[in-house]
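Keep the structure open while reading.

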Amino acid sequence: MTAEVQKYTLEQIEALEVAPGFEHEKLEGWVPSLASDEEVRDALEKAFDYRGDVTITTKSGDKIEAYVFNRQTGATLQDSFITYFAPNVNGKLKMSYAEIARLEFSGKDRAAGKHWEDWVKAYNERKAAGEKDIALHPDKLE
Amino acid sequence: MAVPISQMWTVASYVLKKRFSGQKRYPLVLMLEPLFRCNLACAGCGKVQYPPHVLKRMLSPEECFAAVEEAGAPMVSIPGGEPLLHPQIVEIVNGLIARKKYIYLCTNALELKRRIHEFTPSKYLTFSVHLDGQRDHHDFSVCREGGWDLAVDGIKEAVKRGFRVTTNATFFDGTDPNSVRAFFDEVMDMGVEGVVLSPGYSYEKAPDQKHFMGRARVRRLFRAILSNRKPNWKFNMSPLFLEFLMGDRKYECTPWGSPAYNIFGWQRPCYLLQDGYADSFKELMETTKWEEYGVASGNPKCANCMVSCGYEPTAVIEGFGSLKGFWGMVRGTFSKYKDPHAQKLLAEWKTEPHAPLVQIETTNRSLEETNA
């Protein structure tokens with residue numbers, strides 16, 4: 001949520017010409033401190049927003065690679081949990097916040113570096129150089 | 001309006017039935033995303049930004065049918081990702097036709113011409129082809145030169161084979177309304193049933209987009225585009241929604257009108273906003289804090305949204321749910337929306353060499369006055 005929008009009234013929003021966007025946090029490689037319950041909650045909220053895998057080390061010492069796509073927060077860490085997909089595992093998996101000892105934003109942030117401005121710049125440069133069939137292509141899945 | 005009578009009747013009777021049964025919240029269109037993988041890599045698209053192991057996952061036909069039956073909506077839109085990359089998409093489509101659901105298969109059509117022979121024409125099936133304007137605008141928008149030509153080949157082949165086809169465009173800041181109007185002429189000449197359009201949205205997951213078109217600017221753009229209509233233009237949308245875009249109506253979002261189901265589950269609260277997932281449709285409807293969404297809620301994430309998936313259900317429910325709304329819909333269907341001010345707006349519109357998806361500039365003029 002951006003403070004700039006929050007200060008507007010409904011009438012101002014209706015009259016808005018250019019609306020603020022969202023800042024993209026650089027989280028790739030980040031290892032958050034999980035010293036307090038609040039830090040655990042904040043870190044997992046960011047993991048939910050993150051467009052890459054994270055590596056979770058559980059309190060029992062297991063290391064799990066996970067794409068966190070849901071979180072449900074309860075009154076305590078025990079009754080708060082994440083839901084995630086792990087590579088090479090078919091179904092959805094679930095883990096309580098209380099089981100998590102360490103979190104690392106280890107996977108590539110799939111939302112980073114795909115700036116529209118970069119495409120515009122690259123397109124104009126390639127066009128000026130006489131290039132044909134200019135395109136961005138999806139990453140290979142294998 | 002280009003929607004066939006049978007579809008209108010199905011939707012109208014569904015809305016009336018829900019209204020008479022006292023049901024307050026019900027879906028009109030299920031947004032069924034069977035996969036996120038795509039054969040385009042549009043800059044700024046938030047839908048495809050997942051690790052490979054997630055992009056490889058797909059809903060099975062059985063999961064799709066279960067979701068459709070659970071939601072009970074009369075219409076099913078199948079976006080993605082690119083649905084034609086799903087190896088069982090034909091089975092999914094045929095299963096939904098057998099269930100008498102009106103399907104909008106949303107495709108970028110790069111694969112349409114090659115795969116069209118696998119499908120059978122039906123009044124229940126419409127190919128909703130993503131075309132963001134004229135050739136250059138579309139190719140630039142999807143970051144692929146030649147994309148427009150492939151899509152148009154697919155459209156022409158589908159029309160020739162007797163399929164229902166619409167085009168589906170999202171317009172962002174920088175859009176040239178004169179070009180959009182020329183685009184309407186072009187697609188009507190291709191023989192499509194109608195045009196579907198929507199303003200873009202300030203999608204939180206889109207990377208590093210600084211500023212978006214505010215509501216006033218959306219209204220001004222769509223007033224320029226949609227006023228003084230040509231007689232041959234057809235829209236596969238509620239006329240009331242188009243009036244909302246032009247600034248003639250004030251609507252609130254109906255976020256449960258287009259619920260989304262995908263590989264993660266039932267998306268809260270809507271197709272565009274991702275605030276978590278529910279395991280069942282019942283759970284989605286009963287446990288989502290709906291009052292926290294929509295412009296009136298004050299939720300900044302919803303502040304600028306005027307997108308069809310939230311506001312067209314409002315228009316459709318009004319259109320089929322009250323005599324006043326129905327009359328507005330009938331009148332809108334036949335109106336050309338004569339407007340000299342909009343004509344002047346069009347004539348004086350400053351065009352840009354290419355229409356960037358976002359407005360990148362300072363926010364000093366963010367609350368400037370508008371004539372819209």
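B:Gly81 sits in the loop between β2 and α4 (89-98) of chain B. The model is predicted.

**Backbone geometry**
- A cis peptide bond also joins B:Arg268 and B:Pro269, where omega is about -15 degrees.
- B:Pro269 belongs to strand β9 (residues 265-269) of chain B.
- B:Ala109 is not a glycine, yet its phi is positive, near 70 degrees.
- The loop between β3 and α5 (112-115) of chain B holds B:Ala109.
- B:Ala109 has 0% relative accessibility, so it counts as buried.
- A:Asn88 is another non-glycine residue with positive phi, here near 65 degrees.
- A:Asn88 is placed in the loop between β4 (81-85) and β5 (93-96) of chain A.
- A:Asn88 has a relative accessible area of 83% and is therefore exposed.

**The sheet of chain B**
- Nine strands form an open sheet with mixed pairing, in the order β6-β5-β4-β3-β2-β1-β8-β9-β10 (chain B).
- Its edges are β6 (194-199) and β10 (274-278) of chain B, and each of them pairs on one side only.
- From one strand to the next, the twist averages 30 degrees.
- Helix α1 (residues 5-20) of chain B packs on this sheet and touches β2, β3 and β5 (164-171) of chain B.
- The direction of α1 makes about 110 degrees with that of β3(B).
- β2 (residues 75-78) and β3 (residues 102-107) of chain B pair in the parallel sense, over 4 bridges.
- Within this chain, B:Ile78 has B:Leu105 of β3(B) as its bridge partner.

**Helix packing in chain B**
- Helix α12 (residues 308-321) of chain B packs against helix α13 (residues 323-334) of chain B at an angle of about 105 degrees, and their axes are 5 Å apart.
- Because 65 to 115 degrees counts as roughly perpendicular, α12(B) is roughly perpendicular to α13(B).
- On the α12(B) side, the contact uses B:Glu318, B:Gly319 and B:Phe320; on the α13(B) side, B:Gly325, B:Phe326 and B:Met329.
- The residues of this contact divide into 3 nonpolar, 2 polar and 1 charged.

**Cysteines**
- Over all chains, the structure holds 0 disulfides.
- B:Cys42 is in no disulfide, and the nearest cysteine sulfur, that of B:Cys143, is 5.7 Å away.
- B:Cys106 is in no disulfide either; its nearest cysteine sulfur belongs to B:Cys309, 11 Å away.
- B:Cys106 counts as buried because its relative accessibility is 15%, and buried means under 20%.

Key:
Residues numbered from 1 in each chain as written. Chains lettered and ligands numbered in written order. Predicted model: local features only at pLDDT ≥ 70, side-chain atom pairs only at ≥ 80, totals over all residues. Heavy atoms only, no water. Pairing = 2+ DSSP bridges. Helix = DSSP H or I, 4+ residues; strand = E, 2+ residues; numbered from the N terminus. Axes fitted to C-alpha atoms, helices over the stretch in contact; angles between N-to-C directions. Contact = heavy atoms within 4.5 Å. Parallel < 35°, antiparallel > 145°, perpendicular 65-115°, else oblique. Nonpolar A, V, L, I, M, F, W, Y, C, P; charged D, E, K, R; others polar. Disulfide = S-S within 2.5 Å. Buried < 20%, exposed > 50% of the residue type's maximum accessible area, 1.4 Å probe, protein only.
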